[in-house]
2 protein chains.
Amino acid sequence: MLAGDTELVRAINRYQVLHAIRRFEPVCRAEIGRHTGLGRTTISAITASLLGEDVIRYDQGEPRGVSARGRPRELLRMNPNFAYVVGAKLSMHQISVAVTNLRAEPLASVVVPVRNWAVGPDGIANMVEDAIRAAIVKAGTDLTRIAGVGLGVPGFVDSVTGVSQWSPILGEQPVPFTEMMRARLGVMTLIENDANLVTLAERWFGCGQDVENFVVVTVEGGVGMGHFIHGDLYHGHHGMGTEFGHIKIDRHGPPCRCGQNGCVEAFAADYAILREARNLAGLPPVHDEIAIELGMRDVTRRARAGDPALVDLFRRVGETLGLGIANLVNLLDPGRVILTGAGLRAADLIEPALREALAANSLSVLKGRCELVFHTWTDEVWARGSAALVLQGLYREPWRGATRVVSEVV
Amino acid sequence: MLAGDTELVRAINRYQVLHAIRRFEPVCRAEIGRHTGLGRTTISAITASLLGEDVIRYDQGEPRGVSARGRPRELLRMNPNFAYVVGAKLSMHQISVAVTNLRAEPLASVVVPVRNWAVGPDGIANMVEDAIRAAIVKAGTDLTRIAGVGLGVPGFVDSVTGVSQWSPILGEQPVPFTEMMRARLGVMTLIENDANLVTLAERWFGCGQDVENFVVVTVEGGVGMGHFIHGDLYHGHHGMGTEFGHIKIDRHGPPCRCGQNGCVEAFAADYAILREARNLAGLPPVHDEIAIELGMRDVTRRARAGDPALVDLFRRVGETLGLGIANLVNLLDPGRVILTGAGLRAADLIEPALREALAANSLSVLKGRCELVFHTWTDEVWARGSAALVLQGLYREPWRGATRVVSEVV
DNA sequence: CTATTTATGTTCGACTATCGGATAAATACG
DNA sequence: CGTATTTATCCGATAGTCGAACATAAATAG
């Protein structure tokens with residue numbers, strides 16, 4: 001509804017002040033005024049309130065800016081330890097949990113290997129709960145200081161309702177996983193598709209900090225993507241992420257895990273590359289995940305060593321991925337495309353063909369306008385992404401949260 | 001910046017009240033309160049102001065709602081003639097201008113045939129200006145009552161800056177067309193790609209009124225699209241529309257006007273269908289636009305009469321379009337896809353294969369979740385779209401307009 | 001060493017737009 | 001004809017902003 005009243009005004013200005021401090025810290029009140037356009041009075045009032053809540057603090061060191069005449073300024077900073085954040089990532093063989101502060105700096109992390117996910121949603125929730133509680137203890141804090149929990153889950157997840165619609169881990173039936181975890185921990189809980197988690201990590205701490213509209217493509221076991229627009233992650237009409245991995249580039253292409261043919265994933269995902277490599281060598285396909293991982297390492301090594309058939313295979317992968325990304329660019333006109341994921345361990349073999357195909361298939365008006373960045377993966381992304389998910393929830397612009405307008409209420 | 005102060009609060013609530021009246025008219029103050037959640041006092045103040053400005057009016061007829069006890073309510077309505085709106089559409093062979101009221105009801109229209117567009121941007125601007133002035137006179141009003149002008153131009157148009165980057169009419173060099181028209185008329189002027197104009201028309205007056213996230217695909221001389229998200233038309237990072245027509249679905253497909261191969265357009269646009277039909281008949285291709293139009297009518301007629309080769313041709317068009325739309329759906333997860341455009345005169349021949357291909361290539365999670373609607377075209381869309389463009393500008397949510405936040409100001 | 005200049009931050013009163021409660025209006029129902 | 005009921009307005013209280021004046025503290029000029 002977003003009815004305007006003093007409360008909204010307060011929320012907006014508080015947000016702006018906090019945001020300015022986050023962004024320019026350490027910073028004095030006068031400078032906040034210059035950035036936000038708010039009156040001196042207002043800023044004094046708001047900062048006094050924030051100082052009282054310990055959300056921000058005076059800066060100890062007082063480095064006096066360069067041309068320093070007049071009354072010395074009182075520098076303000078965020079208090080990054082005002083609250084902590086928990087990120088939990090579920091992948092096929094483990095649960096990884098990290099506790100970080102509000103700057104996504106890790107305090108503690110816990111990894112629990114999982115042999116068998118077939119214990120039902122409640123069983124899984126219990127395992128995740130245990131891991132989270134352990135991590136919190138390890139971090140030397142307790143639940144009361146946790147501002148939120150971010151969950152990363154593979155599959156189709158409706159982040160608005162918090163329901164997993166389809167997931168290799170949580171199953172093919174809808175599971176209200178967010179609510180289950182919130183009930184167990186009593187803390188605000190958010191969930192996202194894992195590709196979206198990476199996107200958030202790029203936005204807050206990676207290559208997306210300076211662009212308002214960018215796309216992340218993750219190549220791994222599957223091919224995923226996330227799309228950041230204005231201040232928000234794009235979720236389609238049904239709350240789920242976008243599916244780059246399953247757009248079709250060649251109707252007569254190889255079969256995909258999804259049962260169809262010619263999907264991007266069927267060319268560029270780990271299993272697809274290995275399938276093709278083994279096919280070239282006259283070997284039968286493998287299906288076990290660890291075998292795929294090992295096989296891929298081997299294939300990459302041999303391609304780097306110069307095996308012509310494999311070099312050509314990676315070239316074709318680059319070509320296909322480039323075509324797919326060209327479609328993406330033509331359709332979404334992003335400011336930047338960030339390529340990441342474990343599947344890019346052979347980035348050097350893929351990149352030239354990829355860039356060439358991208359250029360060849362981009363519309364002339366867009367050609368050269370969209371940057372393509374390879375960003376190699378660190379294991380931290382998950383923790384940072386989950387942290388970012390919570391931060392995004394905490395520092396949400398007040399006028400965005402309540403975007404429901406009269407017309408929609410009907 | 002969106003600094004919150006009383007002015008913002010006022011703007012928001014004024015917007016909400018106006019919006020509620022637009023949507024539920026005729027409506028009494030108490031009901032506006034129930035819809036917006038605003039206090040009685042506030043609504044009285046705001047409506048008094050709006051009545052004073054003649055933006056809204058008392059409803060003459062007083063039909064007393066069903067259960068009518070108590071003091072009779074004073075019904076309020078928008079005044080659709082408070083201001084007028086001009087829409088101008090540039091197409092390859094004419095300029096069409098319409099003057100409408102705020103409900104997009106036409107007051108007058110003018111169509112000026114154009115033989116030769118090669119008169120340079122200034123020459124074109126002059127022609128458009130003359131047509132607009134003529135239409136305004138014909139409508140019996142004058143420029144002072146015009147709230148805004150909406151321009152529809154084919155090609156790549158940056159609607160934020162108002163610059164035409166590439167257009168078959170305005171040329172391949174950037175032209176600040178919006179500013180040129182604004183300077184000539186002294187009225188707020190907005191511009192959009194023509195596919196986006198159709199999208200706006202669908203949103204305000206067509207099949208998109210009840211969905212927050214939908215895609216429009218226009219099939220005509222080319223294949224275009226528009227994407228409506230939340231309350232806004234999606235413009236990529238460079239301000240231009242999305243380009244569905246030039247995503248590639250078959251790298252070995254037929255050549256496209258854009259110089260590449262296998263674009264959706266190269267299968268489904270008028271010229272592509274006719275090319276294929278004439279090819280089947282052993283005839284050389286034609287290039288003249290009018291010849292294409294006439295040829296297509298003929299081909300459609302013969303296909304309807306049962307010519308098996310042509311029936312099959314349309315089936316293949318449907319198949320290809322269905323595959324393309326499946327990609328779109330997988331990538332954007334819209335709530336609805338609206339298919340429209342003159343190219344769908346043969347919708348009945350295309351539709352079955354299209355739906356089949358769409359279902360076959362959609363991800364299982366999305367299958368059946370996204371409605372596909374065929375919406376046949378009327379010539380009014382352009383006027384309505386241009387009107388909607390201006391209305392969108394006039395009735396913009398106050399908190400959206402100033403979405404620039406501190407972080408971006410830097 | 002003192003006076004001036006300059007930048008920062010706080011206090012005070014004015015302003016504006018909201019809201020809830022009391023009041024007034026106008027009709028249906030019993 | 002009085003009472004209940006719904007609608008609209010009047011009035012005072014509240015909350016948050018802003019600008020002007022004031023207080024503070026340091027650099028700089030004389």
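**View 1. The surface near DNA strand C draws on both protein chains.** Helix 2 and helix 3 of chain A, along with helix 1 (6-24) and helix 3 of chain B, each supply at least two residues of this surface. Here helices (H or I, at least four residues) and strands (E, at least two) are DSSP runs, numbered from the N terminus. Of the 29 residues around DNA strand C, those that come nearest are A:Ser44, A:Gly70, A:Arg71, B:Gly39 and B:Arg71; a residue is near a molecule or strand if its C-beta atom, placed from the backbone, lies within 6 Å of it. Sorted by class, the surface has eight nonpolar, ten polar and eleven charged residues. Ala, Val, Leu, Ile, Met, Phe, Trp, Tyr, Cys and Pro count as nonpolar, Asp, Glu, Lys and Arg as charged, and the others, Gly among them, as polar.

A note before you go on: this is a predicted model, in which local features need pLDDT of at least 70 and side-chain atom pairs count only at pLDDT 80 or more, while totals for chains, interfaces and linings use all residues. Residues are numbered from 1 along each chain as its sequence is written, and chains are lettered from A and ligands numbered from 1 in the order in which they are written.

**View 2. Here is the surface near DNA strand D.** Look for helix 1 (6-24) and helix 3 (40-53) of chain A, and for helix 2 (29-36) and helix 3 (40-53) of chain B, each supplying at least two residues. Helix 1 of chain A gives the most, with five residues. Among the 30 residues around DNA strand D, A:Gly39, A:Arg71, B:Ser44, B:Gly70 and B:Arg71 come nearest.

**View 3. Chain A meets chain B.** The contact takes 56 residues from chain A and 57 residues from chain B, where two residues are in contact if their C-beta atoms, placed from the backbone, lie within 7 Å. On the side of chain A that touches chain B, helix 1 of chain A gives the most, with eight residues. The copies meet through the same surface, because 98% of the interface residues of chain A are also interface residues in chain B.

**View 4. An open sheet of three strands sits in chain B.** Its order is 1-3-2, with antiparallel pairing; two strands pair if DSSP finds at least two bridges between them. Strand 1 (27-28) and strand 2 (56-58) of chain B are the edge strands, each pairing on one side only. Three bridges join strand 2 of chain B to strand 3 (residues 75-78) of chain B, and B:Ile56 has B:Met78 as its bridge partner in strand 3.
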